[in-house]
Amino acid sequence: MPIKLTIIGAGPGGYVAAVRAAQKGAQVTVVEAAEVGGTCLNWGCIPTKALIASAEALERARNAPDFGIEVPGEVGINIGKIRERKDKIVSTQVKGIRGLFRSWGVDLIEGRGSLISPDVVRVVQKDGMTMDVKSDRVIIATGSRPARPAGFPFDGESVITSDDAVQLKRIPKSLLIVGAGVIGSEFAFIYRSFGAEVTMVEMLPRALSTEDEEMSAIIEREFKKSKIKLIANVRVEKVEKTGDGMMAATLSNGQRIETGMILVSIGRSMNSQKLGLEAVGVAMGGRGEIIVNGKMETGVPGIYAVGDVTGKALLAHVASHQGLAAVENALGGDETMDYTAVPSGIFTMPEIGSVGLREHQAVEQGVKYRVGRFPYRALGKAHVTGEITGMVKILSDEATDKVLGVHICGAHATDMMHEGALAITTGTTARQLGGMIHAHPTFSEAIMEAAEDVHKTAIHVPKSSGQQAGESRQ
């Protein structure tokens, strides 16, 4: 008899787990309260990138004269068409996942699931009917949602979350974004390209604080070029509506900002409530995250958890790989998650792609390292496409020369970074990476040159005074 597996949640963790389990011969049931694809497909990764694609197309049209292309009249936007394109992309992907389920014989039940015992999931279906699903194993993949901190009067119109922002109901004349992390920074460029005056406030000293400091610095310069105002080291202490319908935010430095809309993007909350976890003994941490080990097992035999709800790394691709690991183990295998080389992509303008140690982390951990850099403006391909902003930065171990971190800010950074992920995963050295033939003219040549610059042998980097080949840092 095939193993019966029930998965609660059909996001990147849940649906990938479902397909893999079906491929391995399991009898799979997926319970989904909203729509297959989860946050990533319906409110996050895909729709936001569709908006960014429209913003980038707008910027290319505005810069067309630089390429000898004459565009008669004024270049403008059609919000309805942008929204329609976004929705069509999402719908196509949703249909694709549903088609995969049908292809592999995965049973999809639309409703809200909760555990009433370690092997029974109770589903309240959308029509109100209740059914119990008994299985041998359960994977919880319920994801996360935008945090709604107290003090912000969320109404979906004037004070919004990222879920609201992606709907693009309107472009306000002015927008205040609270939080200059990944989500806030991406939306800053989107709304600015579409015509809003954007101000960002961040309680930490810099934007994109999880990234290498040099990558953050490039994006902060691009904020200035785009006339996006960033105010760091401040908190929002009070939000209120003014008499003329505007929103007013009072900051911890005493500054008062009046704006047409406030987007709050300061974290995510785990969807671990109303799942019956306490009743069956599944432990949770202080943030509401489900506690799992490296095999994605909870403390209750037969119950696994994957994705954002575990609080490990809130990335769709991590959720998918956790789902694969959970399935392998649920079906009798022995697989442990490895987070050493998890790539992350930030779709700002320009993009950031990063994997491995940031330089400040290397310093904090006392790692002895070498660093190589290469600017986009030294690339022929960058001049050809008119995208000369950015750089590649590579860290390697001082003793072994193995690549420790690769950080890219610039055009196609989110695609290029995987060369770095492969280098870290395979233990490739900076010399080996720099010695690999890279096609010309390409953006990827910047990786080769940055790897060569680790040992100060990059061809297209002028000799700097006072620096010897192979200089190390700690």
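Helices (H or I, at least four residues) and strands (E, at least two) are DSSP runs, numbered from the N terminus. This is a predicted model, in which local features need pLDDT of at least 70 and side-chain atom pairs count only at pLDDT 80 or more, while totals for chains, interfaces and linings use all residues. Residues are numbered from 1 along each chain as its sequence is written, and side-chain values use heavy atoms, with hydrogens and water left out.

**Glu 222 and its surroundings**

- Glu 222 is buried, with a relative accessible area of 11%; buried means under 20% relative accessible area, exposed over 50%, and partly exposed in between (1.4 Å probe, protein chains only).
- The side chains of Glu 222 and Lys 225 are joined by a polar contact of 3.0 Å. A polar contact is a pair of N or O atoms within 3.5 Å; within protein, one must be able to donate a hydrogen and the other to accept it, and residues adjacent in sequence count only if both atoms are side-chain atoms.
- Not counting residues up to four places away in sequence, Glu 222 touches Phe 189, Met 349, Pro 350 and Thr 389, where contact means heavy atoms within 4.5 Å.

**Helix α7 as a whole**

- At the start of α7, a side-chain oxygen of Asp 212 comes to within 3.0 Å of the backbone nitrogen of Glu 214.
- Met 215, Ser 216, Ile 218, Ile 219, Glu 222 and Phe 223 are the buried residues named in α7. They cover an arc of only 160° around the axis, so they lie on the same side of α7; the arc is that of the directions from the helix axis to the C-beta atoms.
- Lys 224 and Lys 225 are exposed on the other side of α7.
- The cover over the buried residues of α7 includes α6 (182–193), β10 (197–202) and β11 (229–232).
- After α7 comes Lys 227, with a positive phi near 65°.

- Four of the five residues of strand β13 (residues 247–251) are buried.
- Strand β12 (residues 236–241) pairs with β13 in the antiparallel sense over five bridges; two strands pair if DSSP finds at least two bridges between them.
- Glu 240 has Ala 248 in β13 as its bridge partner.
- Five residues lie between β12 and β13 in their hairpin, and Gly 245 in the turn has a positive phi of about 90°.
- β13 also pairs with strand β14 (residues 256–259), in the antiparallel sense over four bridges, and Thr 250 has Arg 256 in β14 as its bridge partner.
- The hairpin of β13 and β14 has four residues between the strands, and Gly 254 takes a positive phi near 90° there.

**The parallel sheet**

- Five strands make an open sheet in the order β8-β15-β9-β10-β11, with parallel pairing. Its edge strands are β8 (159–160) and β11, each pairing on one side only.
- Strand β9 (residues 174–178) runs parallel to β10, joined by five bridges, and Leu 176 stands opposite Thr 199 in β10.

**Nonpolar cores**

- The largest nonpolar core has 48 residues, of which Ile 7, Val 28, Ile 139 and Ile 140 touch the most other members. Helix α1 (residues 12–23) supplies its largest share, five residues.
- A nonpolar core is a set of buried Ala, Val, Leu, Ile, Met, Phe, Trp, Tyr and Cys residues joined through side-chain atoms within 4.5 Å.
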